[in-house]
Amino acid sequence: MTVETTIAGTTDTESPEMLVARIARDGRAAQRVLARLSDARKAEALRAAAAALREAEEPILEANALDIAAGEAKGLTGALLDRLRLDPARLEGIAHGLEQVAALPDPVGQVIERTERPNGLQLSRVRIPIGLIGIIYESRPNVTADAAALCLRSGNAVLLRGGSEALHSNRAIQAAMAKGLESVGIPAAAIQLVPTQDRAVVGAMLTAAGLIDMIVPRGGKSLVARVQADAHVPVLAHLDGICHTYVHAAADPEMARSVALNAKMRRTGICGAMETLLLDTQFPGSRDVVTSLLDSGCELRGDARARALDPRILPATEEDWDTEYLDAVLSVAVVDGLDAALDHIAAHSSHHTDAIITADEEVAERFLTEADSAIVMVNASSQFADGGEFGLGAEIGIATGRLHARGPVALEGLTTYKWQVRGTGQARP
């Protein structure tokens with residue numbers, strides 16, 4: 001099988017594996033240049049890319065208009081079209097975002113630990129870039145710029161494979177950014193966009209071990225599931241955001257009501273939205289919490305004890321406890337204390353974000369220790385599960401695995417480390 005691609009005015013016909021290998025080698029060569037750059041040079045490169053985006057406003061918006069027209073013809077929903085749409089203000093926001101990333105502290109070269117052995121060897125663990133990162137994403141063209149900026153700031157080259165809905169927008173944004181990099185002497189191959197929408201190329205990226213160092217999928221559940229199932233390359237991702245909020249017996253009733261309402265209804269379609277509410281059987285304000293949610297327009301599905309709180313609560317099925325609704329729907333259970341809540345979370349959480357509302361500090365500390373999720377919260381809405389809210393400036397995604405980074409992944413999560421050993425002629429006996 002071959003794919004036909006048009007790159008810089010030339011046409012090559014090659015297999016997906018050959019295509020990915022070729023552009024990955026270019027990216028790896030560019031990454032070696034990035035790895036040598038100072039903090040100031042990487043920041044300069046991102047500011048140049050931001051300036052190039054502003055200069056290319058007209059062609060970028062023209063390209064986006066083609067994507068919008070194609071999306072309308074395909075019957076994309078209004079919400080999807082809005083995610084796809086660019087205008088001068090949104091494009092300025094993207095350019096400003098690059099400048100914000102440029103202003104973030106550079107993690108590369110940071111000394112994590114420094115020790116000296118009894119034999120005089122001096123050991124340091126130092127942060128370094130991961131290498132070449134593949135980003136597979138859908139719809140939003142701003143991801144092209146955001147992901148590229150985070151990778152470049154942390155010294156990584158990036159290979160981008162966007163969705164077909166934003167094909168023209170992604171190409172225009174990548175081209176402008178590459179032009180900006182070249183204007184300050186940085187190889188354009190540091191930010192590459194896969195030049196074809198052939199789905200076989202995704203498979204080639206996922207199996208490009210030794211060429212691509214890490215894959216980050218950003219998109220719907222089916223995309224992430226395919227990447228996690230098929231990848232031979234390390235993957236940084238989360239599949240579901242089944243987030244819980246447990247209202248403990250010692251919770252402040254008004255805090256519980258307001259936090260639960262925000263955790264579910266502020267934005268129902270994000271991965272940090274609460275999907276299951278656990279109410280302690282000894283908590284006196286349970287009825288007010290569920291009434292507030294129901295009155296806000298949220299559909300509640302509960303167990304028998306939860307349904308006794310309000311006749312509007314529908315019966316929950318076993319499937320509900322394992323469902324990420326991403327909508328104004330919430331499962332509710334009444335539990336007998338902290339241990340029962342932790343057991344429910346252990347059985348049904350996707351290890352994204354879980355929270356407790358309580359005034360009991362000892363209970364709060366137990367929850368922080370025993371709830372096994374990437375993000376664990378006390379007396380706060382799960383909607384804070386976001387890199388920007390954590391002060392990271394931006395995030396490339398949220399990871400729920402146990403290796404490497406967990407939670408919001410920003411610049412530090414796009415680095416690994418090496419050991420540096422300095423001696424004075426020591427030989428091991």
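Me: What should I keep in mind before I start?
Reply: Residues are numbered from 1 along each chain as its sequence is written, and side-chain values use heavy atoms, leaving out hydrogens and water. As this is a predicted model, local features need pLDDT of at least 70 and side-chain atom pairs count only at pLDDT 80 or more, while totals for chains, interfaces and linings use all residues.

Me: Let's begin with sheets. Which strands form the open sheet of three, and in what order?
Reply: First, the general idea: helices (H or I, at least four residues) and strands (E, at least two) are DSSP runs, numbered from the N terminus. Two strands pair if DSSP finds at least two bridges between them. Here the order is S3-S4-S18, with antiparallel pairing. Strand S3 (111-116) and strand S18 (415-422) are the edge strands, each pairing on one side only. On average, neighbouring strands of this sheet are turned by 20° against each other, direction ignored. For such angles, axes are lines fitted to C-alpha atoms (for helices, over the stretch in contact), and angles run from 0 to 180 degrees between N-to-C directions.

Me: How many bridges join S4 to S18?
Reply: Eight bridges link strand S4 (residues 122-129) to S18, and the two run antiparallel. You can find Arg127 opposite Tyr417 in S18, and Arg125 has Trp419 as its bridge partner in S18. Arg125 is also the partner in S4 of Glu113. S3 and S4 pair over five bridges, in the antiparallel sense. These two strands form a hairpin with five residues between them, and Gly120 in the turn has a positive phi of about 95°.

Me: Why is S4 described as largely enclosed?
Reply: Start with the cut-offs: buried means under 20% relative accessible area, exposed means over 50%, and partly exposed lies in between (1.4 Å probe, protein chains only). Six of the eight residues of S4 are buried, so the rest of the structure largely encloses this strand.

Me: What is the strand order in the open sheet of seven?
Reply: The order is S12-S11-S13-S10-S9-S14-S15, and the pairing is parallel. Strand S12 (314-315) and strand S15 (375-378) stand at the edges with a single partner strand each, so one side of each has no neighbour in the sheet. Inside the order, strand S9 (residues 243-247) and strand S10 (residues 274-280) pair in the parallel sense over five bridges. His244, for instance, has Thr276 as its bridge partner in S10.

Me: Which strands does helix H11 lie across?
Reply: Helix H11 (residues 286-295) lies across S10, strand S11 (299-302) and S13, and runs at about 155° to S10. Helix H14 (residues 361-370) also packs on the sheet, where it touches strand S14 (353-357) and S15. The direction of H14 makes about 170° with that of S15. Contact, by the way, means heavy atoms within 4.5 Å.

Me: How do I read a salt bridge?
Reply: Side chains of opposite charge can pair when their charged atoms come close. The rule is a side-chain nitrogen of Lys or Arg within 4 Å of a carboxyl oxygen of Asp or Glu. This structure holds 20 salt bridges. In one of them, Arg22 meets Glu14 at 2.4 Å, N to O. Arg22 is partly exposed, with a relative accessible area of 25%, whereas Glu14 counts as buried at 9%. Another joins Arg305 and Asp336, with the closest N and O atoms 2.9 Å apart. Arg305 lies in helix H12 (residues 304-307) and Asp336 in the loop between strand S13 (329-335) and helix H13 (338-348), so the pair ties together parts 31 residues apart in sequence.

Me: Which residue is buried yet has no salt bridge?
Reply: That is Arg161, and the nearest side chain of opposite charge, Asp198, is 6.6 Å away. Arg161 is found in strand S6, and its side chain reaches the backbone oxygen of Gln197 at 2.7 Å.

Notes. Lys, Arg positive; Asp, Glu negative; His and termini not counted. Polar contact = N/O pair within 3.5 Å; in protein donor to acceptor, adjacent residues only side chain to side chain.
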